[in-house]
Amino acid sequence: VRGIGSALSDHWLAITAAGAAAGGALMKATSRATELNEGLRRVALQSDATAEELRSMIVGMTDETSDVDQYVQSLEHLIRTGTKTKEEFEAILPVFDSFGTATGIHMVEGIKNMDAVLSALNIPLSESEEHIDTLTWLVTGTTVSMGDLGRTMRREQARIRELGLTFDEIA
């Protein structure tokens, strides 16, 4: 009887530990879902899209390996740049997802730096797809950092505009 009680006790401890681990994983997943929903609601309040439309859009753009948080953070930053429609989001996000894959740069950082570069030339961020290959080449094929490029473009924007230089000529 003593052996059975000990075995039951051991099994009960294993079951309890497994239950606690499953509970912890469930709490973490619930917490992530709550954060995602809050982020989507914040974007929806400031954009022309509903949280459900944004969620559906992100699900359509991502797979199981994607960092959905990056997409929400990118949407929040795009709002700050004046991008507000679902159509604009659908055009811009895949560009910076591909850029991030090619360069290892977080989507938000790519958006911030591309916005700094393009705004110095009076080019809207919605035209980033036309210039992303050049930016990718700069990041992967030279020693120019994204931060340095953005700071230089901001600092020298008056001179660059005065000279009428394009993004590709500067690169």
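I am working from a predicted model, in which local features need pLDDT of at least 70 and side-chain atom pairs count only at pLDDT 80 or more, while totals for chains, interfaces and linings use all residues. Residues are numbered from 1 along each chain as its sequence is written, and side-chain values use heavy atoms, with hydrogens and water left out.

**Fold.** I looked up the secondary structure and found nine helices and zero strands (DSSP runs, H or I of at least four residues for helices and E of at least two for strands, numbered from the N terminus). Of the 171 residues, 33% count as buried, meaning under 20% relative accessible area, with exposed over 50% and partly exposed in between (1.4 Å probe, protein chains only).

Leaving aside neighbours within four places in sequence, I find Leu 75 in contact (heavy atoms within 4.5 Å) with residues including Leu 40, Leu 54, Phe 89 and Leu 93.

**Charged pairs.** I searched the whole structure for salt bridges (a side-chain nitrogen of Lys or Arg within 4 Å of a carboxyl oxygen of Asp or Glu) and got seven. In helix H7, Asp 148 and Arg 151 lie three residues apart, and their side chains meet at 2.6 Å, N to O. Glu 156 pairs with Arg 155 at 3.3 Å and with Arg 159 at 2.8 Å, so that shared partners join Arg 155, Glu 156 and Arg 159 into one network.
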